[in-house]
Amino acid sequence: VLTVWFVTDPYQWVVKSSSDDLNGYVNEAVGECDSEGDNYWVYPLLIALLHVAVLIYANWLAYATSKYHNISDSKAVAICLFNSIQLLLIGAPILALVGGNVATS
């Protein structure tokens with residue numbers, strides 16, 4: 001996914017002037033990574049969906065192996081994976097909401 005993303009629609013560093021003086025000199029500038037494509041949100045969404053699928057599969061594996069071994073760490077692994085899912089479910093919307101706001105970083 002990353003290879004296709006970086007080949008088809010790479011991000012480039014763009015510096016935009018936010019304040020000029022009377023002589024045309026730049027007083028203040030803001031730099032950000034910007035993509036020229038219209039579907040810039042598709043690739044991060046694919047990566048997030050792949051991450052969710054891997055986490056769900058890992059939780060299923062932890063559950064499936066807990067039946068066959070008396071001494072297993074599958075319960076601790078499942079708790080860690082569940083915490084990772086919670087982080088993804090909370091962090092992704094926050095990143096989507098404040099991602100374009102330069103003042104928050």
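Visitor: Which helix gives the most to the nonpolar patch?

Guide: In this predicted model, the nonpolar patch takes four residues from helix 2, and that helix gives the most to it. Helix 2 covers residues 42–66, and both helix 1 and helix 2 supply at least two residues each.

Visitor: Which residues make the nonpolar surface patch, and what is its area?

Guide: The patch has an area of about 620 Å² and is made by V1, L2, F6, L46, I47, L50 and V54.

Visitor: What is the separation between the C-alpha atoms of L2 and P44?

Guide: Although L2 and P44 stand 42 residues apart along the chain, their C-alpha atoms are separated by 9.1 Å.

Visitor: What share of the contacts in the chain with a separation of 6 or more comes from residues 24 or more positions apart?

Guide: Such residues account for 40% of those contacts. Read along the sequence, the elements follow the pattern α-β-β-α-α, with three helices and two strands in the chain.

Visitor: How much of the chain counts as buried, and how much of its accessible surface belongs to carbon and sulfur atoms?

Guide: Of the 105 residues, 10% count as buried, while the accessible surface comes to about 8,600 Å², with 65% of it belonging to carbon and sulfur atoms.

Notes. Residues numbered from 1 in each chain as written. Predicted model: local features only at pLDDT ≥ 70, side-chain atom pairs only at ≥ 80, totals over all residues. Heavy atoms only, no water. Buried < 20%, exposed > 50% of the residue type's maximum accessible area, 1.4 Å probe, protein only. Contact = heavy atoms within 4.5 Å. Areas by Shrake-Rupley, 256 points an atom, 1.4 Å probe, with all protein chains shown as cover. Patch = residues over 30% accessible without salt bridge, like charges linked within 9 Å, V, L, I, M, F, W, Y side chains within 5 Å. Salt bridge = Lys/Arg side-chain N within 4 Å of Asp/Glu carboxyl O.
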